[in-house]
Amino acid sequence: MPFAVHIRKRRPTAVKLQSGVDMEEHRKQWENFYQRHQNKFFKDRHYLEKDWGQYFCECDHNTTNRKIILEAGCGAGNTIFPLANKYPQLYIHACDFSHHAITLVKSHPSFLEDQINVFVCNIAEENLCDHIRPASVDVVTLVFTLSAVSPEKMPIVIQNLGLVLKPDGHVLFRDYAIGDYAQVMLMNKNQVISENFYFRGDGTCSFYFSEDLLSKLFKRAGFIVVDVNTYNREIINRARNITMQRRWIRAVFRRP
Ligand SMILES: C[S@@+](CC[C@H](N)C(=O)[O-])C[C@H]1O[C@@H](n2cnc3c(N)ncnc32)[C@H](O)[C@@H]1O
C-alpha cells in the first residue's frame, strides 16, 4: 500500500538523521541562506515550459477545471512565478520549510492570492494532506529540492507527494546528477556526509543522483517511471580559467 503511509506530524524536537544531519539545523541553514541571498541567488526557471509544457497546458480554458500544481520546496519562487505568468489558468500550491522563503514568495510582485497558495511545511516530516486535499493535485514539481533532503528522508518525501497527487498525476523532477562539477569540488574538499551527499560551504546540503537510484526511489513508493535522462553541459569560465561539467537529471514519474 505505497500511498497509505502514515506520516508523522511535526516533531517537537530536532531529529538527528542517520547521516549525521540534524533536521532543525538543516532547516536553519536554508533560513540563513534566504536571509543572506533574499531572492537573488537562483534565476527564474524559464526552461520549464519548453521541457514540460504539455503537463501545464489546459485542454479547455474552463476556470472551474483549473489544473492544480504543487511546487515542493519552492524557495523564493523561481519555479512558480514563470509558470504562473505563462499559465495564468493554473492553481499553484507551493511550500517550503524556510519561513523566510515563504515571505519572499508572498512579497513577490507577481504573487496573486487567488492563484497561489503558499505555506510553510517540512515535506520530510509533516503530512501534506494537512495543507492540501488528498489526491487533488495534477502535477508536482520537484526542482532541485530532493537533493536538499537527507537520503534517509527521501522515501518519506516521495510518499508524501503521492498522498496529494491524483491517480495518473505526475511528478516532474529536475536535480543534480552524479559527476556534476560541484560534486567533484565537494569531494575534493572532503565535505562528504554519506555516499553522494555533501555539505556545502554555506551549511546547506546537496545530494547527487544516478538515474538508477532515482528510479528505484520512485518505484519503491509505487510510482511508474515515465522518463528519466541525464544531461551534460560544459560551461567555460574564462575569468577563472576553468571548464565546468554541469550534469543534471530530468525525469517524469506517474502515480498509477
Ligand atoms: C535549491 S532550492 C530550490 C527552490 C525551488 N524549487 C526552485 O526551483 O528554485 C531547495 C529548496 O528546498 C527547500 N527544502 C529542503 N528541504 C526541505 C524540506 N524537508 N521541506 C520543505 N522544503 C525543503 C529549501 O528550503 C530550498 O528552498
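Reader: Which residue has an N or O atom in its side chain 2.8 Å from a nitrogen atom of the ligand?

Author: The model is a predicted one. In it, a side-chain N or O atom lies 2.8 Å from a ligand nitrogen, and the residue that supplies this atom is Glu71.

Reader: What percentage of the area that the ligand exposes when taken alone does the protein bury?

Author: Phe97 also faces the ligand, with a backbone N or O atom 3.2 Å from a ligand nitrogen. Taken alone, the ligand exposes 600 Å². The share of this area that the protein buries is 99%.

Reader: How many residues in the shell around the ligand are nonpolar?

Author: There are 20 residues around the ligand. By class, 6 of the shell residues are polar and 3 are charged. The nonpolar residues number 11.

Reader: Which residue forms a salt bridge with Asp138?

Author: In this salt bridge the closest N and O atoms are 3.0 Å apart. The pair links distant parts of the chain, 28 residues apart, with Asp138 in strand β4 and its partner in strand β5. That partner is Lys166.

Reader: Is Asp138 buried or exposed?

Author: The cut-off for buried is a relative accessible area under 20%. Asp138 has a relative accessible area of 17%, so Asp138 is buried.

Reader: Which strand holds Arg254, the partner of Asp168?

Author: The side chains of Asp168 and Arg254 meet in a salt bridge, at 2.8 Å from N to O. Asp168 is in strand β5, and 86 residues separate the pair. Arg254 lies in strand β10.

Reader: What is the relative accessibility of Asp180?

Author: Asp180 forms a salt bridge with Arg246, with 2.9 Å between the closest N and O atoms. Asp180 sits in the loop between β5 and α6, whereas Arg246 belongs to strand β10. Arg246 is partly exposed at 26% relative accessibility. Asp180 counts as buried, its relative accessibility being 1%.

Reader: Which residues do salt bridges that share partners join into one network?

Author: The count of salt bridges comes to 11. Through shared partners, salt bridges make one network of Lys50, Asp51, Arg174 and Arg250.

Definitions and conventions: Residues are numbered from 1 along each chain as its sequence is written. This is a predicted model: local features need pLDDT of at least 70, side-chain atom pairs count only at pLDDT 80 or more; totals for chains, interfaces and linings use all residues. Side-chain values use heavy atoms; hydrogens and water are left out. A residue is near a molecule or strand if one of its heavy atoms lies within 4 Å of it. A polar contact is a pair of N or O atoms within 3.5 Å; within protein, one must be able to donate a hydrogen and the other to accept it, and residues adjacent in sequence count only if both atoms are side-chain atoms. Accessible areas come from the Shrake-Rupley method with a 1.4 Å probe; for residues, only the protein chains shown count as cover. Ala, Val, Leu, Ile, Met, Phe, Trp, Tyr, Cys and Pro count as nonpolar, Asp, Glu, Lys and Arg as charged, and the others, Gly among them, as polar. A salt bridge is a side-chain nitrogen of Lys or Arg within 4 Å of a carboxyl oxygen of Asp or Glu. Helices (H or I, at least four residues) and strands (E, at least two) are DSSP runs, numbered from the N terminus. Buried means under 20% relative accessible area, exposed over 50%, partly exposed in between (1.4 Å probe, protein chains only).
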